[in-house]
Amino acid sequence: MTIAAAPGPAVAPAPLALPPGRYGPLGQLRSEWTKMRTVRSTIWSLIATIIAVVGIGAIASAVTAAHWRNSGFVDRVTFDPTARSLAGIFLGEIVIGVLGVLVMSAEYGTGTIRATLSAIPNRPLVLACKTAMFAFIAFVASEILTFAAFLLGQQLLKGSTPYATLSQPGVFRAVFGAGLVLTVLGLFALGLATIIRHTAGALAAYVGILLVLPLILQAFPTSWQNAAMRYMPLVIGERMTSVVARGEHAFSGFPLFSPWVGFGVLCAYAAAALLVGCFVLVRRDA
Amino acid sequence: MIEVRGLRKRYGKTVAVDDLSFDVLPGRVTGFLGPNGSGKSTTMRIIMGLDAPDAGTSTVDGRPYGRLPWPLHEVGALLEAKAIHPGRSAYNHLWMLAQTNGIGRARVDEVLGIVGLTDVAGRRAGKFSLGMGQRLGIAAALLGDPAVLLFDEPGNGLDPEGILWVRNLLGHLAGEGRTVFVSSHLMSEMALIAEHVVVIGRGRLIADEPVSQLVQRGSRGTVRVRTPQSDEVARLLRAHGAVVEPEADGSLTVSNMAADVIGDLAAEERLRLHELTPLTASLEEAFMDLTRDSLEFHSSADPSHRREPAAAALTPSAADHEVTP
């Protein structure tokens with residue numbers, strides 16, 4: 001009746017054949033793909049990103065086209081059709097940050113991190129594969145969306161206002177760069193979530209750095225703002241999407257990095273967050 | 001086989017595991033007992049390479065967990081109930097784990113069948129009951145067909161039928177020669193499942209022995225005697241050095257004398273006995289005796305000390321039944 005009565009250690013251990021070699025990145029990448037694909041938050045985040053980037057860009061372009069006749073001289077001179085069609089980028093930055101946070105924090109929130117790390121005990125490998133898979137998905141989605149937003153926006157502007165084409169100087173950089181900025185900010189969020197491990201905390205940190213920090217900075221003397229504003233991720237993102245150098249964006253009064261230097265700074269943020277994340281992931285108990 | 005040597009782990013000022021050493025051998029179910037907060041889960045997490053010990057080592061088949069070439073094929077674990085993304089289906093939860101260790105879809109279907117979740121495999125795990133979540137966790141543990149299995153409180157949230165199923169499954173796995181290590185704070189459950197037990201309290205090893213031996217240790221060698229001639233029997237046994245205590249129900253509890261001696265003495269004097277039952281402690285009681293000093297959280301009420309007939313010691317369901325010889 002009881003299992004205790006079953007034959008004991010006399011039984012030979014079951015001969016269980018192991019596959020050759022050992023676990024590696026390929027299986028973990030497949031697993032990360034499955035994880036992304038099989039939860040609704042991925043789909044919803046991507047839908048929200050479409051609405052944010054393409055939708056807001058289209059609305060901004062349509063409104064501009066409708067009111068062009070009534071706009072003043074300064075507005076006309078500083079008008080940047082590329083930036084206008086990419087007006088949704090800052091909302092897109094928030095949404096992709098949410099996705100970046102969730103990709104990691106959901107593992108902690110649900111406890112699946114224990115299963116993940118039991119299956120692949122090499123923690124840097126787990127983080128690297130997760131980062132790579134997220135970067136791939138975020139990059140493909142962001143580029144499709146920024147080009148879609150640009151093309152749709154220019155269609156809406158065409159006929160009423162000056163409009164941009166991809167062959168004009170700086171335009172391709174702005175559109176392609178906008179997708180890169182979204183991708184790298186998503187990676188930055190993933191790094192923050194690896195450090196903080198809680199969805200709410202990581203989101204607060206991300207949104208705080210993205211949106212609240214520039215506001216706080218405005219309370220400081222102008223000399224400080226002149227020195228620091230160019231380092232703000234939001235400012236770097238806006239600079240990337242602008243083609244007219246002293247264009248219309250909110251931070252045009254401050255000294256700014258050139259688009260690619262700014263992008264380098266963003267990459268450094270993301271790399272720092274991911275490296276610290278990797279360090280604490282290895283050091284801490286799961 | 002799991003080998004744990006000199007394991008120590010502290011969280012802040014709390015010492016969770018203190019110089020713990022034991023082996024878990026293949027081919028039998030080894031119970032891991034201890035009161036709540038005694039360090040069972042910590043020890044299991046250390047074995048799984050999830051928590052790093054402050055001192056000591058733990059190996060699975062001679063290797064630290066982190067060096068296993070195919071962890072899921074070597075060790076399967078159920079560490080916590082419902083550690084599943086609520087939005088992911090049972091199938092996809094298993095599939096994403098399977099992919100990491102090169103396990104095919106056929107095996108995912110197989111383990112879903114073993115735990116009886118085939119019909120709900122496509123449902124989001126967030127809708128699962130605790131018991132279904134537990135079954136899914138067990139399926140994940142079985143995924144790589146591992147030779148070593150760890151289960152932390154596998155009966156949690158399961159209905160009686162589910163508990164019986166887990167018990168049979170664990171016995172079956174051990175019968176196949178696997179190493180099966182099961183934690184519980186419920187002695188009654190452990191008495192039915194385990195053959196060997198490792199008992200810890202406040203992170204320290206208290207016992208590492210067969211269940212039968214643990215039960216004997218807790219026993220004080222008393223015998224219940226029921227007879228229509230209580231006074232004569234009591235007088236006779238006392239005369240031969242036994243300690244006899246009359247019980248409220250008219251029976252006698254005799255200590256310091258073996259049951260066969262009591263029977264022989266009574267026969268010589270032609271006294272009639274209606275019951276002669278050696279009493280051992282239940283595993284529960286043996287466990288209480290062992291861990292009394294190491295309880296993390298004492299309740300003010302004194303745990304009751306009941307003696308159960310030896311025959312029923314391992315079947316608490318029969319504890320309230322009268323056993324007639």
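A: Of the 325 residues of chain B, 48% count as buried, where buried means that 20 or more other C-beta atoms, placed from the backbone, lie within 10 Å of the residue's own. The model is predicted: local features need pLDDT of at least 70, side-chain atom pairs count only at pLDDT 80 or more, and totals for chains, interfaces and linings use all residues. Residues are numbered from 1 along each chain as its sequence is written, while chains are lettered from A and ligands numbered from 1 in the order in which they are written.

Chain B has eleven helices and 14 strands (DSSP runs numbered from the N terminus, H or I of at least four residues for helices and E of at least two for strands).

Within chain B, the axes of helix H3 (residues 90–100) and helix H4 (residues 105–114) come within 10 Å and cross at roughly 135 degrees. Axes here are lines fitted to C-alpha atoms over the stretch in contact, with angles from 0 to 180 degrees between N-to-C directions. H3(B) is therefore oblique to H4(B), the class left after angles under 35 degrees (roughly parallel), over 145 (roughly antiparallel) and 65 to 115 (roughly perpendicular). On the H3(B) side, the contact is made by Ala90(B), Tyr91(B), Leu94(B), Trp95(B) and Ala98(B); H4(B) contributes Arg105(B), Arg107(B), Val108(B), Val111(B) and Leu112(B). Contact requires C-beta atoms, placed from the backbone, within 7 Å. Eight of the residues in this contact are nonpolar, none polar and two charged (Ala, Val, Leu, Ile, Met, Phe, Trp, Tyr, Cys and Pro count as nonpolar, Asp, Glu, Lys and Arg as charged, and the others, Gly among them, as polar).

How values were computed
Contact = placed C-beta atoms within 7 Å. Buried ≥ 20, exposed ≤ 12 C-beta atoms within 10 Å, placed from the backbone.
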